[in-house]
Amino acid sequence: MIISIVIPVTGFIIGAILGSWAACTGCRLPRKIPLWGRSRCMSCGQPLSFLDLVPILGYFFVHGHCRYCDSKISASYLVPEITLAFVSMLLFMKIGPTTQFLVYMVLLTGLAVASVSDLETFLIPDAIIMALAIPVIPFIFWTGDVTLWNSVTGGILGFTSMILPGLLINRFPGGGDIKLVAMIGIYLGAYSTAIAFTIGVIICLCIKRFNLKDYEGIPLAPYLFMGVSLLLLMNTWV
């Protein structure tokens, strides 16, 4: 009984903490703000208290506004925390504290950082791609979940899936988007990347159709984050 409670709670807390870090990093990195040091309100510069920084709950403690200047806090900080918390909980319940779980959380956290950065500034800094690239080869050999060949073909597929449409319409996505999809391919392999990319594009098209008039300048990283999250949940639960 206790274990059945501890496992999902542990997974939820891990995801919430990683989501909070991802939100902070995604905000600071494209603005060239040091990643270390105390968090501050982006509007008034006031250092934030412990209650302000509690993952998920902190947003509701202050009712979505800074307690010092009353400026609105973007929901782009809250969504990664909630998403990673629930995805982490479901993954942890199914596969536990395994190397596979570690690989999944590294990828999802990197995508969450890219999502916040893309939403806030329409930029995906190379530092995010490099942070994902450094551990990927050891992970591949460590887990055996994706073969080296499948990883290479996945990276090629991710790259070409972004480049080829641009060749046809002579309009290319941002370099950060191209490199991010290629990195997803390296982590997941060709087949899983194709599915995750398709899910993300479908979600993007649905949201654009109902909420946006301008079909250009849409940050792609959040939809890739959702696509990969849903794919990993399907892979582990279905």
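Me: Is Lys32 buried or exposed?
Reply: The model is predicted: local features need pLDDT of at least 70, side-chain atom pairs count only at pLDDT 80 or more, and totals for chains, interfaces and linings use all residues. Numbering starts from 1 along each chain as its sequence is written, and side-chain values use heavy atoms, leaving out hydrogens and water. Buried means under 20% relative accessible area, exposed over 50%, partly exposed in between (1.4 Å probe, protein chains only). Lys32 has 75% relative accessibility, so it counts as exposed.

Me: What is the phi of Lys32?
Reply: Lys32 sits in the loop between helix 1 (2-28) and helix 2 (50-53). Helices (H or I, at least four residues) are DSSP runs, numbered from the N terminus. Most residues other than glycine have a negative phi. For Lys32 the value is positive, near 60 degrees.

Me: Which loop holds Phe122?
Reply: Phe122 is not a glycine, yet its phi is positive, about 60 degrees. With 53% relative accessibility, Phe122 counts as exposed. Its place is the loop between helix 5 and helix 6.

Me: How many residues are in the largest nonpolar core?
Reply: A nonpolar core joins buried Ala, Val, Leu, Ile, Met, Phe, Trp, Tyr and Cys residues through side-chain atoms within 4.5 Å. Leu91, Leu108, Leu180, Tyr187, Leu188 and Val228 have the most contacts inside the largest one. Its residue count is 41.

Me: At what angle do the axes of helix 5 and helix 8 cross?
Reply: Axes are lines fitted to C-alpha atoms, for helices over the stretch in contact, and angles run from 0 to 180 degrees between N-to-C directions. Angles under 35 degrees count as roughly parallel, over 145 as roughly antiparallel, 65 to 115 as roughly perpendicular and the rest as oblique. Helix 5 is roughly antiparallel to helix 8. Their axes come within 11 Å and cross at roughly 170 degrees.

Me: How many charged residues are in the contact of helix 5 with helix 8?
Reply: Contact means heavy atoms within 4.5 Å. Val103, Val106, Leu107, Leu111, Ala114 and Asp118 of helix 5 meet Asp177, Leu180, Ile184, Tyr187 and Leu188 of helix 8. Ala, Val, Leu, Ile, Met, Phe, Trp, Tyr, Cys and Pro count as nonpolar, Asp, Glu, Lys and Arg as charged, and the others, Gly among them, as polar. There are 9 nonpolar residues, no polar ones, and the charged number 2.

Me: Why is the pair of Tyr59 and Phe60 edge-to-face?
Reply: Rings of Phe, Tyr and Trp (its six-membered ring) pair if their centres lie within 6.5 Å; planes under 30 degrees apart count as stacked, over 60 as edge-to-face and the rest as tilted. The centres of Tyr59 and Phe60 are 5.6 Å apart. The pair is edge-to-face because the planes stand at 85 degrees.

Me: What is the distance centre to centre between Phe92 and Phe101?
Reply: Phe92 and Phe101 are both buried. Their pair is edge-to-face, with 65 degrees between the planes and a centre to centre distance of 5.1 Å.

How values were computed
Helices (H or I, at least four residues) and strands (E, at least two) are DSSP runs, numbered from the N terminus.
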